Amino acid sequence: MKKTAIITSASLLSLAWGGLALADNDYITLASTTSTENSGLFDAIIPTFTDKTDIDVRVVAVGTGQAFETARRGDADSLLVHDTAGEEQFVAEGYATERLDVMYNDFVIVGPSDDPADIQSSETVSEAMQQIAESESAFASRGDDSGTNRAELRLWEDAGVNPQGEWYRELGSGMGPTLNTAAGMNAYTLTDRATWVSFENPQDLTLLFEGDEALFNQYGSLLISEERHPHLKHDLAAQWHEWLVSEEGQAAIADYEVDGQQLFFPNAE
Amino acid sequence: MPASDNPFLTALQLILHMDSDLFAIVSLSLQVSLVAVALAALVGLPLGAALALWRFPGRNGVIIVLNALMGLPPVVAGLCVYLLLSRAGPLGEWGLLFSPTAMVVAQWVLVLPIIASLTRQQVEALHGEYAEQLQSLGLSTARMMPTLLWDARVGLVTVMLAGFGRASAEVGAVMIVGGNIEGVTRVMTTSIVLETSKGNLPLALGLGIILLALVTLINALAHLMGETAKRRLG
């Protein structure tokens with residue numbers, strides 16, 4: 001009986017272990033942001049790329065800050081994020097050899113439908129931010145050093161506001177969790193349009209401010225330095241990088257729609 | 001995946017329509033956690049039994065540390081394994097980060113203290129009962145170990161279940177070392193986090209119900225096995 005038990009568990013174990021071995025297709029690991037993953041863009045465009053090249057793209061979706069860190073440590077073959085200043089610094093530090101514009105979407109401000117800070121009447125995003133601060137209406141900030149968080153902090157700076165006080169709540173969460181929390185607190189928050197449109201738990205939140213050029217949200221693809229991290233799959237990553245900015249890749253991005261609304265606008269040069 | 005506003009209905013729909021994506025997620029969850037528990041038992045059972053039977057200086061310290069590690073936050077375990085397996089880390093050469101193997105390692109770290117600690121308790125209690133008998137048979141301490149482990153097996157199944165519960169329920173560690181990659185390292189708990197972040201709460205809760213049902217099923221099987229074993233022993 002003892003033997004049977006040992007043999008049974010050993011064979012169960014090897015069975016389970018065998019199941020863990022994966023089909024060994026060529027693949028690259030792409031560090032990217034939660035906004036692109038949550039909006040469903042990757043599910044729409046990666047199959048097109050894989051059909052053409054037989055390369056799988058494994059997406060690790062994290063905040064932009066963490067995505068940079070992942071790539072810096074050599075744990076990702078490719079990087080697609082939205083923090084142009086941070087991306088240029090990444091290239092300047094020698095971690096990437098090339099950065100290309102891929103696409104953009106825009107940020108919007110969502111908030112409680114009765115709009116206590118009256119930002120719907122604002123002309124510019126700076127004015128909207130000032131009104132939220134002056135009326136001390138609850139504002140949920142990502143507070144996680146993501147691309148959206150960095151953009152939000154720049155917007156406060158441009159508006160000449162130092163966001164502090166009980167109304168300003170740093171959540172330290174991804175975009176989706178921040179929207180969930182903002183909906184729970186009925187607070188204003190800055191979100192990228194793609195995540196907002198595909199978000200399914202808005203409760204009383206509605207889109208209140210959009211359209212200012214300062215809300216432009218540029219995504220860039222980075223080619224990681226072969227010198228820094230020679231072990232990475234640079235050839236495969238370069239194919240992905242080039243495909244994103246190719247006519248075909250750009251068309252795939254433009255074709256992606258949710259509820260009839262285009263979410264990302266290709267703008268590679 | 002089908003969606004409805006009622007999480008129970010969603011769960012039912014998910015089970016009835018069991019698509020290949022969901023199947024892959026469920027089976028990966030089970031595989032990772034079962035392998036992690038099995039490997040943790042391989043080390044934890046003898047370790048716990050040894051701690052119960054041998055007296056050596058610093059023994060109390062080891063016991064206290066193991067007990068404390070039962071409360072190790074999964075995200076800390078995940079971070080440590082991440083730093084270990086990252087390309088910039090000491091085991092980076094192996095290229096294991098963002099793979100199911102990395103998830104097994106992280107869960108192994110979480111489960112090992114539970115199995116070792118609780119095994120020590122069970123074996124120590126049993127040893128208290130039978131020490132004289134075993135000694136009169138002339139068994140050395142080393143020979144006692146397998147005997148006591150075997151006699152404690154019904155209790156040890158519960159110990160393994162506690163470990164499995166910890167492994168299958170945690171999300172912090174597998175999120176960091178696995179990366180929640182669709183079709184590669186996405187498991188039940190990371191799917192629930194992802195669906196919650198999309199605001200798709202009924203689907204998230206539906207997945208939670210399925211996870212709970214699976215864990216219940218495994219517990220029921222273990223319970224039945226235990227009952228049968230008890231009856232056989234009389």
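Tutor: Let us begin with secondary structure: helices (H or I, at least four residues) and strands (E, at least two) are DSSP runs, numbered from the N terminus. In chain B, residues 61-85 are 84% helix and 0% strand, and the end C-alpha atoms of this span lie 29 Å apart. The model is a predicted one, in which local features need pLDDT of at least 70 and side-chain atom pairs count only at pLDDT 80 or more, whereas totals for chains, interfaces and linings use all residues. Residues are numbered from 1 along each chain as its sequence is written, and chains are lettered from A and ligands numbered from 1 in the order in which they are written.

Student: How many helices and strands does chain B have?

Tutor: Chain B has ten helices and zero strands. The C-alpha trace of chain B spans about 65 × 50 × 25 Å along its principal axes.

Student: Which residues of chain B carry the UniProt annotation "transmembrane region"?

Tutor: UniProt positions are given here in the numbering used for the model, with feature names shortened, and annotations may be inferred rather than shown by experiment. The unreviewed entry gives "transmembrane region" for residues 34-54, 61-85, 97-118, 154-181 and 201-222 of chain B. Of these, residues 201-222 of chain B are 100% helix and 0% strand, with end C-alpha atoms 32 Å apart. UniProt also lists "domain: ABC transmembrane type-1" (unreviewed entry) for residues 26-222 of chain B. Over residues 26-222 of chain B, 79% is helix and 0% strand, and the end C-alpha atoms are 19 Å apart.

Student: How should I read the nonpolar core, and which residues have the most contacts inside the largest one?

Tutor: A residue is buried if 20 or more other C-beta atoms lie within 10 Å of its own, exposed if 12 or fewer, and partly exposed in between, with C-beta atoms placed from the backbone. A nonpolar core is a set of buried Ala, Val, Leu, Ile, Met, Phe, Trp, Tyr and Cys residues joined through C-beta atoms within 7 Å. The largest core has 102 residues, and those with the most contacts inside it are Val37(B), Val81(B), Ala106(B), Val111(B), Ile115(B) and Val177(B). Apart from it lies another core, of 31 residues, including Tyr188(A) and Leu190(A). Of the 234 residues of chain B, 43% count as buried.

Student: What does Val37(B) touch?

Tutor: Two residues are in contact if their C-beta atoms, placed from the backbone, lie within 7 Å. Not counting residues up to four places away in sequence, Val37(B) touches Val111(B), Met160(B), Gly163(B), Phe164(B) and Ala167(B).

Student: How many residues does each chain give to the contact between chains A and B?

Tutor: Chain B gives 23 residues and chain A gives 28 residues. On the side of chain B that touches chain A, the elements giving two or more residues are α2 (20-53), α5 (100-136) and α9 (188-197) of chain B. Of these, α2(B) gives the most, with five residues. For residue classes, Ala, Val, Leu, Ile, Met, Phe, Trp, Tyr, Cys and Pro count as nonpolar, Asp, Glu, Lys and Arg as charged, and the others, Gly among them, as polar. The side of chain B that touches chain A has eleven nonpolar, nine polar and three charged residues.

Student: Into which domains is chain A divided?

Tutor: Domain bounds come from an automatic or database domain assignment. Chain A is divided into domain 1 (25-105 + 217-266) and domain 2 (106-215). The C-alpha centres of these two domains of chain A lie 26 Å apart.
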